[in-house]
Amino acid sequence: MKTPLAWLQLSHERIRLVIALAGIAFADILMFMQFGFRDALYESAVTLHRKIEGDIFLLSPDSTSLIAMDQFSQRRLYQARGIQGVAEIHPIYLDFAIWKNPITAEPRGIMVIGINPESDILDLNGFQENKDKIKLEDTVLFDSASRPEFGPIPELFEKEGRVTTEAGGRQLTVGGLVELGASFGADGNLISSDLNFLRLFGNRDRGLIDVGVIQLKDTANPEVVLAQIRQKLPADVLVFSKEEFVDFEMSYWQDSTAIGFIFTLGAGMGFIVGMVIVYQILYTDVANHLPEYATLKAMGYRNWYLLTVVFQEALILALLGYIPGYGISVILYTMTKSATSLPVIMSVSKAVTVLILTIVMCVGSGAVAIRKLSEADPADIF
Amino acid sequence: MTTIINIKNLDFFFGQGALRKQTLFDINLSLEGGEVTIMKGPSGSGKTTLLTLMGGLRSPQTGSLRVLDRELVGASQSQVVKIRRNIGYIFQAHNLLKSLTARQNVQMSLELHDFTQREAKKRSIEMLEAVGLGDRVDYYPEALSGGQKQRVAIARALVSHPKMVLADEPTAALDSKSGRDVVELMQGLAQEQGCTILIVTHDNRILDVADRIIHLEDGRLSQETLTV
């Protein structure tokens, strides 16, 4: 093994190395947080979608996302029932009600999901054992992963067995808890029966629903049934597979809002901050060592050798800076998740994306910094 | 004796077009193996230019400049780099890498040649012992005195047994005692290895180490004196 010049050059100036690594870690944390928030937003937006047990979904063409739904006639859902392979159909009603925090009386919008209590269409913790309770008048299930502003409902419920408060001008009783999770669009969720939903929203028409859920028989081929339903139903409803239903919601948040742009811009700023820091370090390194590098050239080292030294330094900085950046981001993710109830999670793809960005950032800075190397001309040092 | 350097009718110009200025005029010079030559001359006479041309650090333009039997006029960059590896340089400033120990600095010179890591390390330490720094092997340059740093630079220049050593004002940054020590050290080691030395200097106190003194003035080799 040859003398590891790149590492020796970096490690000789400890304080500068620590500052450089702190800077890179900071840039990584910025990128991780931005990507974390962005993905959490997208993921939280489709939490409900993923939890609905259905194979095919009907939506109004005027619906854009869960927070901006338009209704369509549930006759379309009944029409679909006649198709070969369809097992069950279930209407879902969605709307926002004003919920009053039972402790502080503070009002806040909460999403109400109205379903048939006989149906089995939600795959939520606590739903199976509690779904009978919503058959009672004005009794709902409360999402225990809602934001805390709605009041300490889970704690109150555990202590007293029931919680009552006012929502949408009616006295509501929390009959049980389920676990769904807040999204950027909805801070909290209530599961209600279709009847209670219509009581709560007096202006809503029983025949106009927000989402039509179709469950297929085990033997049915989903693609064939999907094609048949599309063919049979008029163009006043959108027909989606579950995957398309999830994508439909995600693409709203990705494409039709500024959110994706904002977070990508934020991550880009982190990238640039990191790039400037690494460039400063590498440039200073080359500038401070110009006579020495020129001496190496005079001794017979090729320009290529000095290029590899600078790029090795860039790579070492990238990898060493990434480690604390990753570690701190995991901690921050956990803190953010518990503070916001958003699914901010470290995924392999995020870890790899930021690692690659870090390497690009460092090597890119190296590519700019090596221009200084051409000044290391041995003819000038004599 | 082998001829290490053979220069014939060498002219050198700086600049382009109207600003073109000739700095070396019709240089003819040959240096034989094992010779110690001192080149004197006032500032701006072209000494350093001639030295950098001989060392392959600057591209010669016209005439003939043969170093170790290779023609440097019109040579490719990669040929020049190969020639550089057979030449040891000692600069006025020591130019040691601050982040490397004395031993690592010397070893950088050996890593251009085919030595195992163990062998390179051993030779580097031996060389540092030869320049009287056996107890400073793992010191960083900042912990060494000016004379000690220059001795590390000499060890670096000589460790790979170059055919020729070029030294530009090696004593300029040193007091007279250390300067004297450094030059005698160079001379002694070079004689042991049979290598040719060319020293550019203003320092009259060291002229006696030379086998031969040449003068450069206004870009012309004006006289050659053989010392007794």
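Which helix gives the most to the lining of the largest pocket? H3(A) does, with three residues. This is a predicted model: local features need pLDDT of at least 70, side-chain atom pairs count only at pLDDT 80 or more, and totals for chains, interfaces and linings use all residues. Residues are numbered from 1 along each chain as its sequence is written, chains are lettered from A and ligands numbered from 1 in the order in which they are written, and side-chain values use heavy atoms, with hydrogens and water left out.

**Domains**

- Chain A is divided into domain 1 (5-44 + 258-381) and domain 2 (61-236); domain bounds come from an automatic or database domain assignment.
- The contact takes eight residues from domain 1 of chain A and six from domain 2 of chain A (contact means heavy atoms within 4.5 Å).
- The C-alpha centres of these two chain A domains lie 47 Å apart.
- Chain B is divided into domain 1 (3-86 + 162-226) and domain 2 (101-159).
- Here the contact takes 12 residues from domain 1 of chain B and 12 residues from domain 2 of chain B.
- Their centres, taken over C-alpha atoms, are separated by 24 Å.

**The largest pocket**

- Its volume is about 490 Å³ (the space filled by probe spheres set on grid points, which are joined across faces, edges and corners).
- On a 1 Å grid over the protein atoms alone, a pocket is an open set of points where a 1.4 Å probe fits, with protein on both sides within 12 Å along at least five of seven lines; lining residues have an atom within 4 Å of a point.
- The lining has 25 residues, and Ala145(A), Glu179(A), Leu180(A), Gly181(A) and Ser341(A) lie nearest the pocket centre.
- Helix H3 (47-51) and helix H6 (153-160) of chain A each supply at least two lining residues.
- Helices (H or I, at least four residues) and strands (E, at least two) are DSSP runs, numbered from the N terminus.
- By class, the lining divides into 10 nonpolar, seven polar and eight charged residues.
- Ala, Val, Leu, Ile, Met, Phe, Trp, Tyr, Cys and Pro count as nonpolar, Asp, Glu, Lys and Arg as charged, and the others, Gly among them, as polar.
- Domain 1 and domain 2 of chain A both give residues to the lining, so the pocket lies between them.

**Helix pair in chain A**

- The axes of H10 (residues 259-288) and H11 (residues 290-299) of chain A come within 5 Å and cross at roughly 65 degrees.
- Axes are lines fitted to C-alpha atoms, for helices over the stretch in contact, and angles run from 0 to 180 degrees between N-to-C directions.
- Asp285(A), Val286(A), Ala287(A) and Asn288(A) in H10(A) meet Leu290(A), Pro291(A), Glu292(A) and Tyr293(A) in H11(A).
- Five of the contact residues are nonpolar, one is polar and two are charged.

**Sheet in chain B**

- Four strands form an open antiparallel sheet in the order E2-E1-E4-E5 (chain B); two strands pair if DSSP finds at least two bridges between them.
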